Amino acid sequence: MPRERVIEIDGSRVHGISSLYAELNRVFMPGESWTLGESLDALDDLLYGGFGVLDGSEPVRVRWRDAATARTALGNETTKAYLRQKLARPEVYATAPAQRALHELEAGRGETYFDLVVRVFRDHANIELILA
């Protein structure tokens with residue numbers, strides 16, 4: 001029986017959204033001539049496999065070391081700034097969902113960018129995400 005592959009994300013390298021994607025590219029895209037864009041949709045596509053280090057629906061364990069550092073870096077303030085950037089570009093982004101998400105965060109109930117990233121990982125049944 002083949003061993004399950006273990007991939008490690010280093011949360012100490014994450015200081016914001018850009019550095020998150022730099023870390024994801026370092027871990028999942030070594031040797032590729034292109035990099036993953038700063039997008040939750042791009043992350044979702046990556047996790048389906050077929051490029052980078054993932055090969056389709058193989059079982060993979062992703063251990064996110066120092067996840068607490070990444071959780072803090074991708075917390076409320078970073079997420080509010082991200083949502084405000086979306087709201088500033090209504091020609092590109094749907095503003096109603098971004099406005100609702102910002103309102104929820106301001107009320108202390110919303111999902112942070114970290115939460116959204118974790119949800120993307122957990123939407124892939126073949127990937128076991130371990131926050132360490």
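**Exercise 1.** How are α1 and α6 oriented to each other: roughly parallel or roughly antiparallel?

*Solution.* This is a predicted model, in which local features need pLDDT of at least 70 and side-chain atom pairs count only at pLDDT 80 or more, while totals for chains, interfaces and linings use all residues. Residues are numbered from 1 along each chain as its sequence is written, and side-chain values use heavy atoms, with hydrogens and water left out.

Step 1. Identify the elements: helices (H or I, at least four residues) and strands (E, at least two) are DSSP runs, numbered from the N terminus. Helix α1 covers residues 17-28 and helix α6 covers residues 113-122.

Step 2. Take the axes, which are lines fitted to C-alpha atoms, for helices over the stretch in contact, with angles from 0 to 180 degrees between N-to-C directions. The axes of α1 and α6 come within 12 Å and cross at roughly 25°.

Step 3. Apply the classes: under 35 degrees is roughly parallel, over 145 roughly antiparallel, 65 to 115 roughly perpendicular, and the rest oblique. The two helices α1 and α6 are therefore roughly parallel to each other.

Step 4. Assign the hand. A crossing is left-handed if the near helix is turned anticlockwise from the far one by less than a right angle, and right-handed if clockwise. For α1 and α6 the crossing is right-handed.

**Exercise 2.** List the residues through which α1 and α6 meet, and sort them by class.

*Solution.* Step 1. Contact means heavy atoms within 4.5 Å. From α1 come I17, L20, Y21, L24 and F28, and from α6 come Y113, V117 and F121.

Step 1. Ala, Val, Leu, Ile, Met, Phe, Trp, Tyr, Cys and Pro count as nonpolar, Asp, Glu, Lys and Arg as charged, and the others, Gly among them, as polar. The contact of α1 with α6 has eight nonpolar, no polar and no charged residues.

Step 2. An α-helix has 3.6 residues a turn, so residues three or four places apart point the same way.

**Exercise 3.** Describe how α2 packs on α6.

*Solution.* Step 1. The axes of α2 and α6 are 9 Å apart, at an angle of about 25°. That angle makes α2 roughly parallel to α6.

Step 1. The crossing of α2 past α6 is right-handed. L40, L43, D44 and L47 of α2 make the contact with Y113, L116, V117, V120 and F121 of α6.

Step 2. By class, this contact of α2 with α6 has eight nonpolar, no polar and one charged residues.

**Exercise 4.** How many of the twelve residues of α1 are buried?

*Solution.* Step 1. Buried means under 20% relative accessible area, exposed over 50%, and partly exposed in between (1.4 Å probe, protein chains only). Nine of the twelve residues of α1 are buried, among them S19, E23, N25 and V27.

Step 1. The cover over the buried residues of α1 includes β1 (5-10), α2 (40-48), β2 (60-65), α4 (76-87) and α6.

Step 2. Take E23 of α1. E23 counts as buried because its relative accessibility is 2%. Leaving aside neighbours within four places in sequence, E23 is in contact with E8, I9, D10, R13 and V14.
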